[in-house]
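I opened the file to look up two things. The entries below keep the order in which I checked them.

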Amino acid sequence: MSKRIRLAMQKSGRLSERSRDLLNRAGIGVELRGGQLYCQAAAFPLDIMLVRDDDIPQYVADGVCDLGIVGSNMIAERLEARGLKGKVVTLRPLEFGRCRLSIAAPSNSGIQTLRDLDGKRIATSYPDSLKAFLNEQGTKADVVEISGSVEVAPAMGVAEAICDLVSSGGTLAANQLREIAVVYTSEAVLVRTTKSIDQEVMIAIERLTARISGVLRAEQAKYIMMNAPATAVDAIRRVIPGLEEPTVVPLHGNKQMVAIHAVAPEPIFWETMEALKIAGASSILVVPIEKIIE
Ligand code: ATP
Ligand code: ZN
């Protein structure tokens with residue numbers, strides 16, 4: 001029996017859908033039904049463990065799982081802030097689950113800067129990240145650890161300020177809280193254990209990582225095709241920065257015109273299309289790319 005990767009990802013929550021979706025787009029074939037804790041991928045040597053996001057850093061650090069998909073905030077809290085950073089390596093950021101860990105206080109409280117927090121209590125589910133940050137900043141506040149609904153702590157008299165994850169800021173505003181400082185920013189990452197890994201599994205991990213990179217690059221990139229006078233090729237290349245070595249082929253029956261085909265590494269906006277037209281291009285087509293392998 002061939003050896004398989006063990007990957008931990010969030011069972012249900014903000015990261016689960018995007019994690020599944022990413023694996024599926026990488027051709028992994030995960031069919032997950034509600035309530036399942038374990039699943040074998042059909043189309044790849046990969047077994048998936050569905051767990052709470054809080055437990056993922058430790059599973060990967062201990063080598064119980066080879067890989068994990070988790071917010072970098074959890075890696076920071078569970079490993080980095082505890083001196084265990086070297087237990088995992090980040091293979092790549094995954095471009096979803098973006099948020100920040102922020103300190104906030106009631107808008108009407110008079111607490112406006114970190115200095116105003118001296119001697120105050122801050123409620124959080126991220127005690128170790130917060131303590132490290134306060135130490136670094138020389139702020140002497142007390143950290144009160146609570147496991148959920150941190151945003152109501154000031155109203156309940158549990159603390160004068162909070163430290164919690166924020167994405168749009170809507171929850172803070174709804175609770176009349178004002179952001180004072182950002183502890184760190186976070187996004188979902190693919191991490192690997194630094195414990196020794198079987199050679200066969202390591203090769204599968206490299207294949208999986210390359211596929212994930214391909215999916216994420218393809219998401220950004222567009223394939224662009226246009227016709228143009230041969231003399232306009234250089235001007236057109238200057239319109240799209242990063243447009244590497246486009247394919248330029250003569251148009252049948254028209255010696256002055258060429259077709260230009262290229263992968264643009266970033267989305268093409270209407271303004272860019274208009275600039276291409278001004279540079280001499282016509283019949284400009286922009287199409288999505290499904291997969292890329294370098
Ligand atoms: P679990 O049951 O797995 O412990 P949870 O309730 O602790 O779930 P979620 O709220 O699902 O966790 O958040 C999971 C991750 O999503 C966070 O650790 C963070 O990386 C990311 N995230 C992105 N935006 C936000 C946000 N606005 N608030 C909270 N988490 C966010
Ligand atoms: Zn959690």
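My notes cover the ligand site and then the cysteines.

**Ground rules.** I am working with a predicted model, where local features need pLDDT of at least 70, side-chain atom pairs count only at pLDDT 80 or more, and totals for chains, interfaces and linings use all residues. Residues are numbered from 1 along each chain as its sequence is written, chains are lettered from A and ligands numbered from 1 in the order written, and side-chain values use heavy atoms, without hydrogens and water.

**Ligand 1, shell.** I looked up which residues surround ligand 1. There are 16, each with a heavy atom within 4 Å of the ligand. The closest are Gln 10, Arg 14, Asp 54, Asn 73 and Ser 167. By class, the shell has five nonpolar, six polar and five charged residues.

**Ligand 1, polar contacts.** I took pairs of N or O atoms within 3.5 Å. Asp 54 places a polar side-chain atom 2.7 Å from a ligand 1 oxygen. For Asp 53, the distance from a polar side-chain atom to a ligand 1 oxygen is 2.9 Å. Ser 167 has a side-chain N or O atom 2.7 Å from a nitrogen of ligand 1. On its own, ligand 1 has 630 Å² of accessible area, and the protein covers 77% of that. I note the method: Shrake-Rupley with a 1.4 Å probe.

**Cysteines.** How many disulfides does a search of the whole structure find? It finds zero, counting cysteine sulfur pairs within 2.5 Å. I then checked burial, meaning under 20% relative accessible area with a 1.4 Å probe and protein chains only. Cys 39 is buried at 4% relative accessibility. Cys 65 is buried at 0%.

Notes
Polar contact = N/O pair within 3.5 Å; in protein donor to acceptor, adjacent residues only side chain to side chain. Nonpolar A, V, L, I, M, F, W, Y, C, P; charged D, E, K, R; others polar. Buried < 20%, exposed > 50% of the residue type's maximum accessible area, 1.4 Å probe, protein only.
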